Amino acid sequence: MYERFIEDILFESLAFMPVTLLRGSRQTGKTTLVKSIVRRLKDYNYISFDDITVLAAAQADPMGFHASIG
């Protein structure tokens, strides 16, 4: 994996905000970077709403969904 200069900024952001948006062009390594960071953080999960089952569960019962991932 290429070194990402934004990695330190993401760690700093996550120290203050439990949810951080990483946005950018397609196929630039955003998912790979986030998964790499989440593996090093004990209290974080990676969730993708690209999976329609996950998205449907979150839409149907947001509070229940949140409780199930925590």
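Okay, let's start with Glu7: at 15% relative accessibility, Glu7 counts as buried, where buried means under 20% relative accessible area, exposed over 50%, and partly exposed in between, with a 1.4 Å probe and protein chains only. Arg40, at 45%, is partly exposed.

Quick housekeeping. This is a predicted model, where local features need pLDDT of at least 70 and side-chain atom pairs count only at pLDDT 80 or more, while totals for chains, interfaces and linings use all residues. Residues are numbered from 1 along each chain as its sequence is written, and side-chain values use heavy atoms, with hydrogens and water left out.

So what does Glu7 pair with? Glu7 forms a salt bridge with Arg40, with the closest N and O atoms 2.6 Å apart. Glu7 sits in helix α1 (residues 7-16) and Arg40 in helix α2 (residues 30-40), so the pair ties together parts 33 residues apart in sequence. The count is 1 salt bridge, meaning a side-chain nitrogen of Lys or Arg within 4 Å of a carboxyl oxygen of Asp or Glu. Helices here are DSSP runs of H or I, at least four residues, numbered from the N terminus.

Now, the pocket. The largest pocket holds about 1100 Å³ of space, counted as the space filled by probe spheres set on grid points joined across faces, edges and corners. A pocket is an open set of points on a 1 Å grid over the protein atoms alone, where a 1.4 Å probe fits, with protein on both sides within 12 Å along at least five of seven lines; lining residues have an atom within 4 Å of a point. Of the 30 lining residues, Thr20, Val34, Asn45, Tyr46 and Ile47 lie nearest the centre. Helix α2 gives the most to that lining, 6 residues.

Conventions
Helices (H or I, at least four residues) and strands (E, at least two) are DSSP runs, numbered from the N terminus.
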